[in-house]
Amino acid sequence: ATMSTKDNVDGCRCIDNGGSIEILGSLKELSCTTSDGDPGLRIRIYDHCVPLTYGSVCAPHDGTHNFAYCQEFGTACYRPWCYVADHEACMISPDQRVYRSSYATSAKDSVDLFWS
């Protein structure tokens with residue numbers, strides 16, 4: 001994402017908290033319990049359990065969680081991003097990028113999630 005908020009930027013919208021909870025909560029093979037005792041999602045590359053609201057709004061989510069990964073990759077961890085409601089709408093603008101999530105997508109659970 002190149003903007004501080006994605007809401008209605010060329011039709012590219014972040015999933016909201018309700019959408020995030022429903023989608024990420026459906027990833028049964030990645031389910032976990034956060035340190036606060038809430039349902040969460042295990043992020044494979046970090047081996048860390050994040051809340052189901054992770055990625056629901058445009059923010060630097062990876063940097064917020066202080067993953068060890070961020071020490072290696074630096075500023076990339078502090079770029080704002082979110083999971084998007086309609087990945088095709090995000091590809092309309094030439095300066096907007098959208099990517100398939102490699103750690104919040106599951107063929108087993110029929111979830112195909114994109115971020116921008």
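Trainee: Hi! Is Cys14 buried or exposed?

Mentor: Cys14 counts as buried, because its relative accessibility is 7%. Buried means under 20% relative accessible area, exposed over 50%, and partly exposed in between, with a 1.4 Å probe and protein chains only. Bear in mind that this is a predicted model, where local features need pLDDT of at least 70, side-chain atom pairs count only at pLDDT 80 or more, and totals for chains, interfaces and linings use all residues. Residues are numbered from 1 along each chain as its sequence is written, and side-chain values use heavy atoms, with hydrogens and water left out.

Trainee: Thanks! Which residue does a disulfide join to Cys14?

Mentor: Cys82, at 2.1 Å from S to S; a disulfide here is a pair of cysteine sulfur atoms within 2.5 Å. The link of Cys14 and Cys82 is left-handed, with -85 degrees about the S-S bond.

Trainee: How many disulfides does the structure hold?

Mentor: Three. One of them pairs Cys12 with Cys90, their sulfur atoms 2.0 Å apart. The torsion about that S-S bond is about 85 degrees, so the Cys12 and Cys90 disulfide is right-handed. Cys32 and Cys49 also form a disulfide, and both of these residues are buried.

Trainee: New topic: what share of the protein chain is buried?

Mentor: Of its 116 residues, 42% count as buried.
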